[in-house]
Amino acid sequence: MSPGVWQTPWLAFLGIDALERPWLGAALLLLAVAAVLWRLHTRPSALAWPALCEAAEAGARGRDPVRVLALGLRTAALSALALSLAGPVSLRRLPVEGGRGLDLVLVVDTSGSMRALDAAIDGDTRTRLDLAREVVARFARTRVADGDRVALVVFGETAFTQCPLTSDARLLEAAALQVKAGMAGEATALGDALALAVKRAMPPNDAGPTDPLRKPVAGRVVVLLTDGRQNAGSLPTDVAAALARAAGVRVHAVGIGSEGAVPMAADDGSGALLHFERHDLDVETLQQIADTTGGRFFRARTPRELEAVYTEIDSLERVARSDPPREERTPSPEPALAAAGAAIVLEIVLARLLGRPLP
C-alpha cells in the first residue's frame, strides 16, 4: 500500500486507485446517513426532499418500491459526494531514476540465418529475428523501467551500435523496430560483436570513481543472442571474451533456433518460403564465452524457451535498491462526481415519469 493513502479493491470499480482522506469521506458518509435516518423519523412537512417525504408517509401504508428507490438514489448521490471529498487519486508508478542500476548491452544476431521460419508469435509463423526482436524489446523496457541503462548492438558480417546506453524506453523501442535481417551482412562476426558490446558497456564519458558527476553503476552485463557460429570478422571469440573478463563485464550467451534444416524466408522480408537450410549453433564457443566472463549459457529451441531464458536472466541480474519506488498521485474526483450526478439525474427522471415535480 502506498504511504499516506488508503486502497481497497472496490475502489477500482469507480476508476479510483486510492483515497488520501478516507476519514473525511467516512465522516461525511455517516453524517449523511444519520441525517437521512433522522429525517425519516420527523414530520414529513419538515423534509426538504419530496422523495423523502413521500417515503416517510408511505411507512404506514407499507413500503412503496418506487419511493424507496428514489430515496436510495438520493442516498447514493450523497455517498458519491462524500467519496469525492475523501480525496480520490489515481496512482502511477514512475520509472526508477536511470543510471543507478546495471549497464546492460543487448546484442542481437541479424545475419542471414535469422530469417529461418521456425518461430511463432501469437500462433503465426515468423522468423527467428521477429521473435528475438520482440522478446529483447520487452526485456529492455522492463530493465529501463527498473532504472537500468540499456544499449542495443546488432551484428552480422560486421557489428555496429543500434542504440547507445540510454534510460529512454521510447528510443530503445524505436531502435529495436529498425532491426532487420541482413542489415549488417549475411555472415556472423561473433567476436567483433562481443568486443563492441564490451566497449559500449564502458562508455568514454564514464570518467571513473573520482568523477563527482558520475552516478554509481552496480554492474555491467552483456546478453548475446545468436543462432550460428563465427564465420566472419577479425577478432577471435576467445580474445573478445578475455576483453570482457578484463573489463569486468559479465556475458550471458543465448543460443536460439531448432536443429537440422529449417525453412528460410525471402531476403526482401516478404516471408515467402524459398528453400531449406541448415544452420548449426556453436554451443561450445558460447559456453566458453559465458564461462570466461562469469555468465551463463542458455539454449532456446522454441519461442516459449526464449521468453523463459530472458525471464531467468532478468531474475539473475537484479540490483538491491534502497530508494523507495516513486509514485505520481493525480487527483481523480471525476468518477465520484459523475456517479453522484448520475444518481441525481435518475432520481429526477423517476420523479418526472411518476408526475411528481421536484422543487
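This is a predicted model: local features need pLDDT of at least 70, side-chain atom pairs count only at pLDDT 80 or more; totals for chains, interfaces and linings use all residues.
Contacts across the sequence come first. The protein chain holds 10 helices and 13 strands. Buried residues make up 44% of its 359 residues. The accessible surface comes to about 18300 Å², and carbon and sulfur atoms account for 58% of that surface.

**Strand 3**

Strand 3 covers residues 102–109. How many of its 8 residues are buried? The count is 8 of the 8, so strand 3 is largely enclosed by the rest of the structure. Its side chains point two ways. Leu102, Leu104, Leu106 and Val108 face one way. Asp103, Val105, Val107 and Asp109 face the other way.

| Partner of strand 3 | Residues | Sense | Bridges |
|---|---|---|---|
| Strand 8 | 219–226 | parallel | 7 bridges |
| Strand 6 | 149–155 | parallel | 7 bridges |

Particular residues face each other across these pairings. Leu106 stands opposite Val223 in strand 8. Asp109 stands opposite Phe155 in strand 6.

**The nonpolar cores**

In soluble globular proteins, nonpolar side chains tend to be buried together. Here the largest nonpolar core has 35 residues. Which residues have the most contacts inside it? They are Leu106, Leu152, Leu225, Val254, Leu306 and Tyr310. Helix 4 (residues 128–145) gives the largest share of this core, 9 residues.

Leave aside the neighbours of Leu106 within four places in sequence. Leu106 is then in contact with Val136, Phe139, Ala140, Val150, Ala151, Leu152, Val153 and Val223.

**Helix 10**

Helix 10 spans residues 334–353, 20 residues in total. From its first C-alpha to its last it reaches 28 Å, close to the 28 Å expected at 1.5 Å a residue. Its buried residues are Ala336, Ala340, Ala343, Glu347, Leu350 and Ala351. An α-helix has 3.6 residues a turn, so residues three or four places apart point the same way. The face of helix 10 turned away from the buried side carries the exposed residues Leu346, Arg352 and Leu353.

Conventions:
Residues are numbered from 1 along each chain as its sequence is written. Side-chain values use heavy atoms; hydrogens and water are left out. Helices (H or I, at least four residues) and strands (E, at least two) are DSSP runs, numbered from the N terminus. The expected span of a helix is 1.5 Å times one less than its number of residues. Buried means under 20% relative accessible area, exposed over 50%, partly exposed in between (1.4 Å probe, protein chains only). Accessible areas come from the Shrake-Rupley method with a 1.4 Å probe; for residues, only the protein chains shown count as cover. A nonpolar core is a set of buried Ala, Val, Leu, Ile, Met, Phe, Trp, Tyr and Cys residues joined through side-chain atoms within 4.5 Å. Contact means heavy atoms within 4.5 Å. Two strands pair if DSSP finds at least two bridges between them.
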